[in-house]
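Have the model open as you read.

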Amino acid sequence: QVQLVESGGGLVQAGGSLRLSCAASGSSFSIYAMGWYRQAPGKQRELVATITSGGSTNYADSVKGRFTISGDNAKNTVYLQMNSLKPDDTAVYFCACNAFKTNWRDYWGQGTQVTVSS
């Protein structure tokens, strides 16, 4: 099993910044990609940003230019720097990774709440 632990959520005013972190742990696994997804009340979970172990990134159009995803392969950790936050960014943010242990599969964290007040 691969465990993901997120941190860094909280309450911030519109225009502010937050940084999320997610660390993957376990034994004998290899990560292909890690990323962040979010789910607002009454809405489906959506992709925010992903990064591969090679450093390729992908962003949702709604966060391009405001959010930056980065990773530390040695620490199996991914970060999401969120700037110029808007009330529409309010959601539970989930960390995910695609990893090989006995087979390739996706793993999910428990989620961290991000609330942006207007």
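**Cysteines and core**

The sulfur of cysteine 97 lies 6.7 Å from the closest cysteine sulfur, that of cysteine 95, which is too far for a bond; a disulfide here is a pair of cysteine sulfur atoms within 2.5 Å. Cysteine 97 is buried, with a relative accessible area of 2% (buried means under 20% relative accessible area, exposed over 50%, partly exposed in between, with a 1.4 Å probe and protein chains only).

Before going on, a word on the source: this is a predicted model, in which local features need pLDDT of at least 70 and side-chain atom pairs count only at pLDDT 80 or more, while totals for chains, interfaces and linings use all residues. Residues are numbered from 1 along each chain as its sequence is written, and side-chain values use heavy atoms, with hydrogens and water left out.

So where is the disulfide? A search of the whole structure finds one, formed by cysteine 22 and cysteine 95, with their sulfur atoms 2.0 Å apart. Cysteine 22 sits in strand β3 (residues 18-25) and cysteine 95 in strand β9 (residues 91-100), so the pair ties together parts 73 residues apart in sequence. Strands are DSSP runs (E, at least two residues), numbered from the N terminus. The link of cysteine 22 and cysteine 95 is left-handed, with -80° about the S-S bond, and both cysteines are buried.

Now turn to the largest nonpolar core, which has 32 residues; Leu4, Met34, Trp36, Leu80, Met82 and Tyr93 touch the most other members. Such a core is a set of buried Ala, Val, Leu, Ile, Met, Phe, Trp, Tyr and Cys residues joined through side-chain atoms within 4.5 Å. Strand β9 gives the largest share of this core, five residues.

Note on methods. Helix = DSSP H or I, 4+ residues; strand = E, 2+ residues; numbered from the N terminus.
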